[in-house]
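Let's take a friendly walk through a protein fold together. Keep the sequence and the 3D view open as you read.

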Amino acid sequence: MFDNICKFLAENFPDDFAQWLIGSPVRLSRLSPSELSNQPIRADSLILLQSNELVLHIEFQTNPDERMGFRMLDYRVRVYRRFPRKRMRQVVVYLAQTSSELVYQDRFELENTIHRYEVIRLWEQPPEPFLQSLGLLPFAVLSQTDNPTMVLSRVAEVVNQITDKQVQSNLAAASGILAGLVLDKSLIKRFFRSDIMKESVIYQEIYQEAEEKGILKGKIEGKIEGKQEKAEEVALNLLRMGLNLEQIVQATELTLEQVQSLQRQLD
């Protein structure tokens, strides 16, 4: 779900991402991974935005990936094959702080081949730039701060002032779910009303994903044993969205005890 949220933000606020990662207000549009190759490509975490002269490739990662360097080289070659005259900016953004050395990896080396890309560790970035752009606002709580609760309160203040209700609900949901990486659910619920979050595209996407995976009640044949892990993932996201236990039990077909156990993980 974190991948989906980051992709949603990048595709709906491309100007903010261009200013942040490129340093200038380059007008960007979405580039579909299917345009690059007929071979399989990890479209779930891949974000591609393009202008007439540039392709911006962003990878958001919650956990380190030892194959990241090779993936970045692979995507660079695919883009070159499709757009040989366009420059390419590749950035890996790590969301959750970790002690793994992999988050400092910024190149792929194979004999005489060396490919470099950029790496951003959000916990090393100052919060102010994120607080000043709507599209980056949900990342502020993951930035460099000794008081993420205070930063989240500032995020909530900005969100509450947004007059467009759809934008407000989308950013509230994105901020609340990403904040779950560093804060307890009880704290998050103090700042974002669940009824506003439920109006978001992100909330609807959680339900749609559950339905497509055959998790929602009445949409599957047989029992849910084979989908236990996915059901728990959906339940955790719904807990972060503020649904009550009974609603989550009905949506995922997990038992009340299982949902309560997941809730304790977030508390």
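## A sheet of strands

Val-92 stands opposite Val-119 in β7. Strands β4 and β7 pair in the parallel sense over four bridges; two strands count as paired if DSSP finds at least two bridges between them. Helices (H or I, at least four residues) and strands (E, at least two) are DSSP runs, numbered from the N terminus.

This is a predicted model: local features need pLDDT of at least 70, side-chain atom pairs count only at pLDDT 80 or more, and totals for chains, interfaces and linings use all residues. Residues are numbered from 1 along each chain as its sequence is written, and side-chain values use heavy atoms, leaving out hydrogens and water.

The open sheet has five strands in the order β1-β2-β3-β4-β7, with mixed pairing. At its edges stand β1 (29–30) and β7 (118–121), each with a single partner strand, so one side of each has no neighbour in the sheet.

## Helix α3

Among the buried residues of α3 are Met-68, Leu-73 and Val-79; buried means under 20% relative accessible area, with a 1.4 Å probe and protein chains only. The buried residues of α3 pack against β2, β3, β4, β5 and β6, where contact means heavy atoms within 4.5 Å.

Terms used: Buried means under 20% relative accessible area, exposed over 50%, partly exposed in between (1.4 Å probe, protein chains only).
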